[in-house]
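Here are my notes on the model, as numbered points. Please read them with the structure open.

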Amino acid sequence: MDWWKDAIIYQIYPRSFQDSNGDGVGDIPGIISRLDHLQELGVDAIWLSPVYKSPNADNGYDISDYREINPEYGTMEDMEELIAQAKSRGIRILMDLVINHTSTDHYWFRQSRDRTSPYADYYYWSHGGPDGTLPNNWTGFFGEDCWEFDPQRCEYYLHLFAKSQADLNYHNPAVLEEVKDILRFWLDKGVAGFRCDVINVLWKESLDSGKKRLALTGQERYISWEENHRILRQLREVLDEYQAFTVGETVFVTPQQARDLCAPERRELNMVFSFQHMECDQYYVKWLKRKFRPKVFFDCLTRWQRELDWNALYLENHDQPRSIPRFGSVRYWKESGKLLATLLLTLRGTPFLYQGQEIGMLDFDFQRIRQLNDVESKNVDRLLRRFHVPQKLRWRIISRTSRDNARTPFQWDDGPQAGFSQGRPWLGVNHNCASINLAQQEEDPASIWSWYKDLAALRREREVLRRGEFVPMEAAPPLFAYRRRLGEEQLTVLLNFSDDPTRVSVQGSLLRSNYPRERFEGVLQPWEAVILE
Ligand code: TEU
Ligand code: CA
């Protein structure tokens, strides 16, 4: 019961994890060959970003067949082998469930182009206005319009993401039945559950134009409607037959909405990923970056810790730049990497680690837009061009926010292509791989990797770190301080988010510090993280 409350979950971006056959693309046999690494780290479950058949307009988030494995990644036998091999190491597999949209290559969509087909209403089709205008004024997540004209059907279809990701129409009950079958298909294969992609926007309440906004005009028509909850409860009926787990990726949710999505008695999701703490270094949209504001970050984390019984904790994923340059300090790379690890592994909730985070991987050091692959970056570049934003500024915006920052190949060792592939990788390997790689950190008891391993073990040992209550402490930023409490047991966590020493008046015997020290006397070094007993 509730295994996920004691778990640490590791996200794999299959394309960039490990290539086994030299074609430059990570694959499932590659993942199998690295399971020992994950077991040693202390991982209880793996969330696999999509491995289904896909034309890869959005690297697998555009699915063309939910029951097939993308041949680039291997075969269904490989997938079954991965599930079995992981299981024998006590590791569960979670699939990425992308059901807001399918690829326009999906059979359903191709049939849907014909108005007389049984699939005619699987998507949102609509006439434009009389003078060639779009059906409404919505704008999408990747910065473009949300409607694309299909010459065969002579209508527009809705796509909140890329052009080839058409939104499924949940007003048609047949669509939900299809999804239930897909769930059963994978649960029968032995997966433990799903990470549910943009799961709070499935239901479009109406297709009327929305209030004009800088980004995502139309969002109030589809974010977190009551019908969306009903859909989740229907999916839960299937999930319950297998006691399966779900974490929802939920855009723009407030703590109240998150509670409604994961209150146990409502039988919807087990937990959700919130985005609010990711907004502490931006103005309104992710492309407008500002200086990291520790106070906003701490207040946000504290608020979610207080208002939700259980959080899905994360600092990185495949959509976000790396955490050290963002919330830490490249100058204090090792110290701040360990401090962020401490934060992630001592809050209340289920920690999600993204591949490469455990060795402190940094943002991609690319130089030109054509080195990028991300559909979002390309769209944003096109959009900014349209507004005559000069090249230099465009590059500044995109290089800092591109999702490819976190998608470069995993750095296994200091050999060719960082041990990722014998061939030419689909996305460049970071040039820092000679100094940042797993092989080197495995040897070093003071490395970021060793620190993650140690804290994962500590979390397993100490119930207070898993189940204890979160108690915030009075502290002035850049210090973040809190306690975890369970019965008589109490741990204090002190985190100095700055390049300067910081004094505190807290006492206690030292359990861990990311600096070599015997005891703690009240002064935290730059980026020092301390756990007191
Ligand atoms: O992301 C959903 C989402 O909200 C994104 O727009 C996110 O805000 C953005 O990537 C940040 O730049 C999910 C997946 O995680 C993402 O990789 C997919 O591209 C997207 O859904 C569409 O499936
Ligand atoms: Ca390969």
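This is a predicted model: local features need pLDDT of at least 70, side-chain atom pairs count only at pLDDT 80 or more; totals for chains, interfaces and linings use all residues.

1. A residue counts as exposed over 50% relative accessible area, as buried under 20%, and as partly exposed in between.

2. How accessible are N21 and D23? N21 has a relative accessible area of 51%, so it is exposed. D23 is at 38%, so it counts as partly exposed.

3. The overall fold comes next. The chain has 15 helices and 22 strands. Its radius of gyration is 23 Å, close to the 24 Å that the globule rule gives for 533 residues, so the chain is as compact as a globular protein of that length. Along the principal axes, the C-alpha atoms fill a box of roughly 75 × 50 × 50 Å.

4. Of the 533 residues, 61% count as buried. Among contacts with a separation of 6 or more, 67% join residues 24 or more positions apart.

5. The second largest pocket has a volume of about 710 Å³. Its lining has 29 residues, and M1, D2, W4, R267 and N270 lie nearest the centre. By class, the lining has 17 nonpolar, 2 polar and 10 charged residues.

6. Which helices supply at least two residues each of that lining? They are α6 (226-241) and α7 (255-262). The largest share, 3 residues, comes from α7.

How values were computed: Residues are numbered from 1 along each chain as its sequence is written. Chains are lettered from A and ligands numbered from 1 in the order in which they are written. Side-chain values use heavy atoms; hydrogens and water are left out. On a 1 Å grid over the protein atoms alone, a cavity is a set of points where a 1.4 Å probe fits but cannot get out, and a pocket is an open set with protein on both sides within 12 Å along at least five of seven lines; lining residues have an atom within 4 Å of a point. Grid points are joined across faces, edges and corners, and a volume is the space filled by probe spheres set on the points. Helices (H or I, at least four residues) and strands (E, at least two) are DSSP runs, numbered from the N terminus. Ala, Val, Leu, Ile, Met, Phe, Trp, Tyr, Cys and Pro count as nonpolar, Asp, Glu, Lys and Arg as charged, and the others, Gly among them, as polar. Buried means under 20% relative accessible area, exposed over 50%, partly exposed in between (1.4 Å probe, protein chains only). The radius of gyration is taken over C-alpha atoms; the globule rule is 2.2 Å times the number of residues to the power 0.38. Contact means heavy atoms within 4.5 Å.
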